[in-house]
Amino acid sequence: MLIHTAFSTSLYPKIHNTQKLKTVNSSVSESKTFNDVPFNSQTQNELNHLKKRVKDPLSCSNSICFCCSRRDIMAAVGAAALLPSHPSHASDDSFPTDAMAMLNRFHPPRPDWYAELYATAMNTSMKSYEAEIEGYKSELFANLRGQAKQILEIGIGTGPNLKYYASEGGTSVYGVDPNRKMEKYAQAAAEAAGLPPANFKFLHAVSESLPLRDASVDAVIGTLVLCSVADVNLALQEIRRVLKPGGLYLFVEHVAATDGTVLRFVQQLLDPLQQTLADGCHLTRKTGKDITEAGFSNVDSHQVVLSTASLINPHIIGIAHN
């Protein structure tokens, strides 16, 4: 889920801290797959049946085609069933009774009013933050020019990043978010960025279970996402799974302040409240360490402090190579 600074800036004083983050190189390790996620036997069997039935959303030979596999699921179960499909499975005629098990497992349903309120807040209250971070994002996303045509953005939210990378000709974008209410805002942002409707697909899913096949995208983007996922390490392994060899993971994340600082003390104190108010956002995660230890061949990142981010500081900005 794309998290925010809006609630935090109204609740917390602007406390700043700076520190240096070293560049770390990590060796590549094998990524986890869908089958690594534990389920009870009944649920696992049902999920396996669904994976066998659903077409691979990226298997079409047309690079900008977003095929009918999701329509097939919705017709069968009356809801979006966004589970990773792997091409090794044969077809099967049976469907699970709960097609959204993976989504519900990692992101239990929120009331519609809350999801709508949160999406609206993200769409209207992030302008000062986005204005301050614009220079950093422009520099980061410039690395995609000429390098990526198939792009996945996790926690796409209202789509504030699309303007930086979606206008290049031939680009196709998958936007994943567990909040369905974000879809209309993300679609509007894609249109404003000049991305043809056929080249953008919003996927109601979670980062821990991406509904794309192995090695299917050139780049994955995530900004202010890993603070609120249920399982950071699983989300990172899913990112590595769907990235092509040599693919890029571009990230902007807020992380815990330095141990022993006033900011770190306040973050620790208010972390439970932040999780409640900000849809699971954690203030004290050491996400930079998680990324460098996830098995990417190389991770290059640096830290910045943003005046509009208040308690949600510092930020790490960087690129990881698969």
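Student: What covers the buried residues of α8?

Tutor: The cover includes α5 (112-124), α7 (162-165) and β3 (200-204). Contact here means heavy atoms within 4.5 Å. Helices (H or I, at least four residues) and strands (E, at least two) are DSSP runs, numbered from the N terminus. Please keep in mind that this is a predicted model: local features need pLDDT of at least 70, side-chain atom pairs count only at pLDDT 80 or more, and totals for chains, interfaces and linings use all residues. Residues are numbered from 1 along each chain as its sequence is written, and side-chain values use heavy atoms, with hydrogens and water left out.

Student: Which residues of α8 are buried?

Tutor: In helix α8, residues 183-192, the buried ones are Y185, A186, A189 and A190. Buried means under 20% relative accessible area, exposed means over 50%, and partly exposed is in between (1.4 Å probe, protein chains only). Viewed down the axis of α8, the buried residues fall within an arc of 140 degrees, so they line one face of the helix. That arc is taken from the directions from the helix axis to the C-beta atoms.

Student: Why would residues three or four places apart point the same way?

Tutor: An α-helix has 3.6 residues a turn, so residues at that spacing point the same way.

Student: And which residues are exposed on the other side of α8?

Tutor: Those are E191 and A192. Just after the helix, G194 takes a positive phi of about 90 degrees.

Student: Which residues have the most contacts inside the largest nonpolar core?

Tutor: They are L144, L162, Y165 and F200, in a core of 39 residues. A nonpolar core is a set of buried Ala, Val, Leu, Ile, Met, Phe, Trp, Tyr and Cys residues joined through side-chain atoms within 4.5 Å. The elements giving two or more residues to this core are α5, α6 (127-141), α7, α8, β3, β4, β5 (243-254) and β7. The largest share, five residues, comes from α5. Apart from this core lies another, of 28 residues, among them Y174, L236, V255 and V299.

Student: What does L162 touch?

Tutor: Leaving out residues up to four places away in sequence, L162 touches I156, V173, A186, A189, A190, A193 and F200. Of these, A186, A189 and A190 are among the buried residues of α8.

Student: Now the sheet. In what order do the strands come?

Tutor: Seven strands form an open sheet in the order β3-β2-β1-β4-β5-β7-β6, with mixed pairing. Two strands pair if DSSP finds at least two bridges between them. The edge strands are β3 and β6, each pairing on one side only. From one strand to the next, the twist averages 15 degrees.

Student: How many bridges join β4 to β5?

Tutor: Six bridges join them, and the two strands run parallel. T223 stands opposite V252 in β5. Strand β1 (residues 150-154) also pairs with β4 in the parallel sense, over four bridges, and I154 has G222 in β4 as its bridge partner.

Student: Is β5 mostly covered or mostly open?

Tutor: β5 is mostly covered, with nine of its 12 residues buried. Helix α9 lies across β1, β4 and β5, running at about 145 degrees to β5. Axes are lines fitted to C-alpha atoms, for helices over the stretch in contact, and angles run from 0 to 180 degrees between N-to-C directions.

Student: What does I239 touch?

Tutor: I239 is found in α9 (residues 232-242) and is buried, with a relative accessible area of 0%. Not counting residues up to four places away in sequence, I239 touches I154, L210, V220, Y249 and F296.

Student: Is D279 buried or exposed?

Tutor: D279 is buried, with a relative accessible area of 5%. Its phi is near 55 degrees, a positive value in a residue other than glycine, and D279 lies in the loop between α10 (262-277) and α11 (287-292). Most residues other than glycine have a negative phi.

Student: Finally, what is the mean pLDDT?

Tutor: The mean is 78, and 69% of the residues reach 70 or more. pLDDT is the predictor's confidence in each residue, from 0 to 100. Over residues 7-99 the pLDDT is below 50, and this stretch has 195 contacts in the model beyond near neighbours in sequence.
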